[in-house]
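I opened the notebook to keep track of what I looked up in this structure. The entries follow the order in which I checked things.

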Amino acid sequence: MVCILGFAERRDKINRMILRILLFCALSVKCSQSCVLDRDCNYMQCQFGGYCVLYPPNTHHYYKGQCYCAACKQAGDCPLCGHHHAQGPHRYCSEHDRHCHCVDCVVDNHCHCHAGQIGKCITDNQTRHDCICQATTTTTTTTTSTTPITTTTTTTTTTQQPLVKLECHHRKISVIESIAENLHVEDSRAELCPGTTKHQTSEAFVINKCNSTARSSWSKGEQVRTECLDNVSQYIPISTFSDQGNDMAAFLIDCTKTDDNVISGLTIAVQTCHDAPMVMKLNDTTTPRMSDFYTILQRK
């Protein structure tokens, strides 16, 4: 009986390995033994460690990368920028390209605004850090009573946070691993699946991987069909925004174009309440339609 169980465990392990290899081959033109994860670059003798950069999509190197030495691990590893530096006075070690940058701001108090405004440091989670100044809203309420005569003034200042595009394409390896594992991704910030106690809706997949806020704080961004005409990043989070309450959130893998540069289809990574993370192809005859999908905006 022990031998039978041991054989079954080995068989299941081999099947899972085969599934992962098939998935990588299905999503790429050519499977490669080059680096895919940062840990594949541990052999390099680098002061701040090595990291893996994947080649751009739609090339014969797809899902194949090259190792580089990181220039820093934290801001303290970077040289000082100086107050008159062209790109900004504050040094910053980017997790996106592992290099030092001089930026306008790293935290909100680096932003200096006129009286009646507050500063906000906005980042695209890569190398851009920009200051914006926002006007404060002041509401004055006056309450007057006759005996005795008392006037009370209450001033409330509220700040409307800006909408920014939800970006987490750097999490694509984690998304691919979830598809290969064929297991639902759950997150308590997502709604429950109808009739269950499971938080494993399509938005749970996106919220968990992107560490996003709940869907109730999302807003509609650019139509994905339009984004595809530019060099859109792979594995950006996208969603439908309907009034029926049956929206779908997913990750964009690829855009299919005709010879006339017309977008004819989308390839997405998605899970549903009934199906674990999987790859799905969409066009304007499927349900949902590809034209129903937009990028996601949320308040910081």
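**Entry: Cys105 and Cys121**

I started with Cys105 and Cys121, which are joined by a disulfide with an S to S distance of 2.2 Å. I noted that the model is a predicted one. Next I looked up the angle about the S-S bond, which is 85 degrees, and the link of Cys105 and Cys121 is right-handed. I then located the two ends: Cys105 sits in the loop between β4 (100-103) and β5 (117-123), while Cys121 belongs to strand β5. They are 16 residues apart, and the pair links distant parts of the chain.

Are these two cysteines buried or exposed? Cys105 has a relative accessible area of 0%, so I wrote it down as buried. Cys121 comes to 11% relative accessibility, so it counts as buried as well. The cut-off I used for buried is under 20%.

**Entry: Cys35 and Cys52**

I moved on to the disulfide formed by Cys35 and Cys52, where the sulfur atoms are 2.3 Å apart. Which hand does this disulfide have? The torsion about its S-S bond is about 80 degrees, and therefore the disulfide of Cys35 and Cys52 is right-handed. I found Cys35 in the loop between α1 (2-26) and β1 (50-54), and Cys52 in strand β1. This pair, 17 residues apart, links distant parts of the chain.

For Cys35 I read a relative accessibility of 6%, so this residue is buried. Cys52 has a relative accessible area of 12% and is buried too.

**Entry: Cys46 and Cys69**

I looked up Cys46 next and found a disulfide from it to Cys69, with 1.9 Å from S to S. The link of Cys46 and Cys69 is left-handed, with -60 degrees about the S-S bond.

I checked how far each end is covered. Cys46 has 17% relative accessibility and therefore counts as buried. Cys69 has a relative accessible area of 37%, so I listed it as partly exposed.

**Entry: the whole protein**

How many disulfides does the structure hold? I recorded 12 disulfides. I also recorded four helices and 15 strands in the protein. Of the 300 residues, 35% are buried. I then looked at contacts with a separation of 6 or more, and 47% of them are between residues 24 or more positions apart. The protein exposes about 18300 Å², and carbon and sulfur atoms supply 51% of that area.

**Entry: Asp247**

Asp247 is in the loop between β11 (236-240) and β12 (249-257). Its relative accessible area is 17%, so Asp247 is buried.

What does the side chain of Asp247 reach? I found the backbone nitrogen of Ser242 at 2.7 Å from this side chain. The backbone nitrogen of Phe241 lies 3.3 Å from a polar atom of the side chain of Asp247. I also looked up which residues Asp247 touches, leaving out those up to four places away in sequence. They are Ser202, Glu203, Arg215, Thr240, Phe241 and Ser242.

Technical notes
Residues numbered from 1 in each chain as written. Predicted model: local features only at pLDDT ≥ 70, side-chain atom pairs only at ≥ 80, totals over all residues. Heavy atoms only, no water. Disulfide = S-S within 2.5 Å. Buried < 20%, exposed > 50% of the residue type's maximum accessible area, 1.4 Å probe, protein only. Contact = heavy atoms within 4.5 Å. Areas by Shrake-Rupley, 256 points an atom, 1.4 Å probe, with all protein chains shown as cover. Polar contact = N/O pair within 3.5 Å; in protein donor to acceptor, adjacent residues only side chain to side chain.
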